[in-house]
Amino acid sequence: MLTATLSVAKPNVGRETRAVVEAFLKQQLGVNQAVNRIRYLGGEKYAAVDLVYAIERESVDDKRLRLLEFLAGLSPRTPEVEATFLRALRDGETPERIVAATGLGRLRSTAAVKPLISLLTHAALGVRREAGRALGLIGRPEASAALLKALANLLWLACRAASAQRCSGVSRKV
């Protein structure tokens, strides 16, 4: 009896999901509101199809970033979503790279390990930070080694900046 009640109470997931995505695209819903509604509906994969398509055709950076944030919030594990995040990681501006790294970490994408490792030396702190977080979430051995090396370099730079005398025992080589 409970199963029948739940199935009656649950709306058409595809139709409701599309309505939430459209409201988001019209800026009637914020990212968190839209993500929460889609998760409640269980329509992450339905929404991903629309969002990936919208990201591919969007040319305005701010709008594309907002779409990527929505997609990262949902983080459905599909090849299209992973490819979209990898493209943004490779080709996007700094804010897009940050969001893409977040999304790839949530997906625990093993295909993203090498591109994320290369971002550990990016000029922008936010990109380095999110690349490190994503690598930590992915948890591959090569990711761990790269994180330890980046940490050792960071420690060496911090000690060098503080005082060369106080940090004479710290070596840059790992």
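This report walks through the helices, surface and salt bridges of one predicted model.

## Ground rules

Residues are counted from 1 along each chain as its sequence is written. Because the model is predicted, local features need pLDDT of at least 70 and side-chain atom pairs count only at pLDDT 80 or more, while totals for chains, interfaces and linings use all residues; side-chain values use heavy atoms, with hydrogens and water left out.

## The overall layout

Let's start with the fold. The chain has 10 helices and zero strands (helices are DSSP runs of H or I with at least four residues, strands are runs of E with at least two, numbered from the N terminus). Of the 174 residues, 39% are buried, where buried means under 20% relative accessible area, exposed means over 50%, and partly exposed is in between, using a 1.4 Å probe and protein chains only.

Now for contacts, meaning heavy atoms within 4.5 Å. Among contacts in the chain with a separation of 6 or more, 59% are between residues 24 or more positions apart.

## A buried aspartate

D50 sits in helix α4, which covers residues 44–57. This residue counts as buried because its relative accessibility is 18%. Setting aside neighbours within four places in sequence, D50 touches R18 and V21.

## On the surface

The chain exposes about 10,500 Å², and carbon and sulfur atoms supply 54% of that (areas come from the Shrake-Rupley method with a 1.4 Å probe; for residues, only the protein chains shown count as cover).

One nonpolar surface patch is made of L148, L151 and L154, which together have about 320 Å² of accessible area. Patches use residues with over 30% relative accessible area and no salt bridge, joining like charges within 9 Å and nonpolar side chains (Val, Leu, Ile, Met, Phe, Trp, Tyr) within 5 Å. L154 belongs to helix α10, residues 141–162, and is exposed because its relative accessible area is 54%.

## Salt bridges

The whole structure holds nine salt bridges, each a side-chain nitrogen of Lys or Arg within 4 Å of a carboxyl oxygen of Asp or Glu. One of them pairs R87 with E56 at 3.4 Å, N to O. That pair links distant parts of the chain, with R87 in helix α6 (residues 79–91) and E56 in helix α4, 31 residues apart. R87 is partly exposed at 33%, whereas E56 is exposed at 52%.

R133 and E130 also form a salt bridge, with their closest N and O atoms 2.9 Å apart. Both lie in helix α9 (residues 125–138), three residues apart, or about one turn of the helix. E130 is buried, with a relative accessible area of 9%. Elsewhere, D61, R64 and E96 are linked in a salt-bridge network.
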